[in-house]
Amino acid sequence: MSNEGQEVGGIHFPFPFPPYSIQKKFMAELYQVLEAGKIGIFESPTGTGKSLSLICGALSWLRDFEQKKLQAETCLLASGASPSCGVKDLHRSPSSSCQEPCNTPQAAGEPDWVTQYVQKKEERDLMERLKEEQVKRRQREERLQQISHDTRLRHMSQTHPLKQNLCVNEQVKNLGSVQLINDRCMEMQRSKHEKKNRAEEDRPKKRRQESQATCPFYNHEQMQLLRDEILVEVKDMEQLVTLGKEACACPYFGSRLAIPAAQLVVLPYPMLLHAATRQAAGIRLQGQVVIIDEAHNLIDTITGIHSAEVSGSQLCQAHSQLLQYMERYRKRLKAKNLMYIKQILYLLEKFVAILGGNIKQNPSTQSISRTGTELKSINDFLFQSQVDNINLFKVQRYCEKSMISRKLFGFTERYGVVEHSRLSGFQHFLQSLQPGAIGDPVGEDQPSAPRPASPLMHIEGFLAALTTANQDGRVVLSRQGSLAQSSLKFLLLNPAVHFAQVVKECRAVVIAGGTMQPVSDFRDQLLACAGVEVERVVEFSCGHVIPPDNILPLIICSGPSNQQLEFTYQKRELPQMMDEVGRILCNLCNVVPGGVVCFFPSYEYQRQVHAHWEKSGLLTRLAVKKVIFQEPKKASQVEQVLMAYSKCIMRCSQAGGALTGALLLSVVGGKMSEGINFSDDLGRCVVMVGMPYPNIKSPELQEKMAYLDQTLPRIPGQVPAGRALVENLCMKAVNQSIGRAIRHQRDFASIVLLDQRYARPPVLAKLPAWIRDRVEVKTTFGSAFAAMRKPHREHTLAPVRKEQSGTEMEKTFSPLTPHHQA
């Protein structure tokens, strides 16, 4: 790291430019959290350099930690001190000194000579380990130093905007399907190992011809070279692919080899939070520091990763494929393996039965007499399915060790359609359930689409989920007309059960985001339920770097025609409520330059309001000042709409005509409520219509609420945990949406919350502090409109806005009654 930087509280931070004061506080607090081995919840608004503060603060601590560790090792090696000093506890307290007294406890009843012998042996073992580590570290540093001056792999191609798969074997890569690529890769690895083993045996007998080719890029020596090159400096995926091709080494496995020696490993949520995936990738958390950025969706992410859903169609397909597999290889299967396959077939049959179906009938044409959604505890589900006598833990282990789902996928790929002349009537039906066989047959001249992953893989995830403790999850039975459309879903109620291992093994954990409010969800649902002591949790929240006048958060309680604004499910679809929203936007669009982004609670409500405006004429009035865009439902169309929205605003600001920008109608929780930056003129005003509460009638949400009410203690004076969950889900969505506007220090925008319920103290408390501290509650629209006019007249960049007189601005504020709209 560079020696340039900033000194904060005696700690040197290698910041690339003068940091904001809040960045200094952020880094100093982060450093102390890592030093003390605590759990930190950090909130820093977008535009304040949060990610850079995280990187500089964490790497500064790591630099100091490594230096202290080396000093302690040197001290120990020089003095021959006992193992209870310094290095032994560095993973917990890097400030340990070799001058600390040694307090090795003596076992009760042990003679002194035994205790002394054990101490001496521990000291010798520690010294040997330290010497070995020093030698390995010195060799690694020398090797990396040499590589840094080697030009063989230094050439880098330009970074391509699209991320490519790390596979550089074109024959494998061209298979297209991720599953096919993974299976082919594993086959080629096994083939290489088998070939090596046969060569080592060197038996003078006729060799069987190789059935599988080996991958030329799976070369251990070259992959080690690539590993070292990866450790020299940070590489992106495209650079890894280029290096892999030049070195004739696999970038994926080369990266895997680099993990143990790496000081910083960047990985996505699922790989970190899913234990099996983490272990498969070689990620060990013991004594490590874990920083989770953009953590506002952490609870939902954990819940999603460990929830699983299987359809009736998948259950029948898996049963069909596995039955044919068993019949074909019955004589070659060991008795134990045959037993487990029969158990899986039995499970699939019973799962179909509890949905109300029959495994022997076509799922697409098989109707379900009793429809609806039903929730069951895990134990009740297993008992009522009549599978409670099967040990699911053993079935899960069999699936993992035998890789039966991969074998089944390869079996269906290899044999596809079995000859009908060899099938019984029942097997004819089973064959019809093969993927691609349901519906219109594919003609010989029609290219067949790549087969999907084996349905058994999805079912394995469901079986694994059923091994969760009974109180931590529920099974949702969804019966929807036909068996094919019906499904079984495991719902994880306690995400802390999977996060507990992370906080237990790690030295420190930092959960950071631009908007972490309400933080009670993280404290209660994630940390407290994971057994984290209150004293170990540190909360840090900083303000924004923008001047106070650059943001105007308003809560508007009534509209231009004095209609009280409360968009409950019962009221929001009333014509007068939809009219009032239109009137408010018409007035706002008259004074706000550039872009206005309006968020609605749902796609359906947005559609209803848009249709009502179109019929009433409000849409035409809005279009006088702003070009109107709507958020598309299809993700593939989002980029196109955003591009058109941006170009329109730019064009209007340059033209200086009647059109002053654009109005974007968006949806809370949609594609544009997260990850999209409406900076500068793209978002001079963000409007939130109503409060986007989740569907309280959802059986899954009701079950989650009941679980929290039973699990978390009731605190006097506070709402029950279940009700708090609903409010928190709503406000998290609001905070993410309104945070789209202010994106840097010189940005300015208005934030308008259209619902009088936002003025309630418990709701206000769940807004981000930098917004909450500046919010103004307006009981009438007149006062709100006057407040809106002032900042935008001062900040406006569009010449047309500066030319408008005050009288003309006043005319824009008037209740747009049906008579006026005609």
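Me: Where does P518 lie?

Reply: P518 is in the loop between strand 9 (508-513) and helix 20 (520-528). Helices (H or I, at least four residues) and strands (E, at least two) are DSSP runs, numbered from the N terminus. This is a predicted model, in which local features need pLDDT of at least 70 and side-chain atom pairs count only at pLDDT 80 or more, while totals for chains, interfaces and linings use all residues. Residues are numbered from 1 along each chain as its sequence is written, and side-chain values use heavy atoms, with hydrogens and water left out.

Me: What kind of peptide bond joins Q517 and P518?

Reply: The bond between Q517 and P518 is cis, with omega at about -10 degrees. Most peptide bonds are trans, and most residues other than glycine have a negative phi.

Me: What is phi of C248, and what is it for Q386?

Reply: C248 has a phi near 55 degrees, a positive value in a residue that is not glycine. Q386 is likewise not a glycine, and its phi is positive at about 65 degrees. C248 sits in the loop between helix 7 (237-247) and helix 8, and Q386 in the loop between helix 14 (378-384) and helix 15.

Me: Why does C248 count as partly exposed?

Reply: Buried means under 20% relative accessible area, exposed over 50%, and partly exposed in between (1.4 Å probe, protein chains only). C248 has 33% relative accessibility, so it counts as partly exposed. Q386, at 45%, is partly exposed too.

Me: How do you know that K50 and E294 form a salt bridge?

Reply: A salt bridge is a side-chain nitrogen of Lys or Arg within 4 Å of a carboxyl oxygen of Asp or Glu. In K50 and E294 the closest N and O atoms are 3.4 Å apart, so the pair meets the rule. K50 lies in helix 2 (residues 50-79) and E294 in the loop between strand 4 (289-292) and helix 11 (298-305), so the bridge ties together parts that are 244 residues apart in sequence. The structure holds 21 salt bridges.

Me: Why is K50 called buried?

Reply: K50 is called buried because its relative accessible area is 7%.

Me: What makes K235 and E229 a salt bridge?

Reply: The N to O distance between the side chains of K235 and E229 is 3.9 Å, so it falls within the limit for a salt bridge. K235 is buried at 13% relative accessible area, and E229 is buried at 2%.

Me: What is the N to O distance in the salt bridge of R474 and E703?

Reply: The distance between R474 and E703 is 2.7 Å, N to O. The pair links distant parts of the chain, with R474 in strand 7 (residues 473-480) and E703 in helix 25 (residues 699-711), 229 residues apart. R474 has 13% relative accessibility and so counts as buried, whereas E703 is partly exposed at 22%.

Me: Which residues are linked in a network of salt bridges?

Reply: R370, E374, K376 and R479 form such a network.

Me: Why is the pair of Y218 and F253 called edge-to-face?

Reply: Rings of Phe, Tyr and Trp (its six-membered ring) pair if their centres lie within 6.5 Å; planes under 30 degrees apart count as stacked, over 60 as edge-to-face and the rest as tilted. By this rule there are 18 aromatic pairs. The ring centres of Y218 and F253 are 5.3 Å apart and their planes stand at 80 degrees, so the pair is edge-to-face. Y218 is in the loop between helix 5 (178-201) and helix 6 (220-232) and F253 is in helix 8 (residues 251-258), 35 residues apart. Both Y218 and F253 are buried.

Me: Which residues do ring pairs link into a cluster?

Reply: Ring pairs join F26, F42 and F540 into a cluster.

Me: Why does K401 count as exposed?

Reply: K401 counts as exposed because its relative accessibility is 71%. K401 lies in helix 15.
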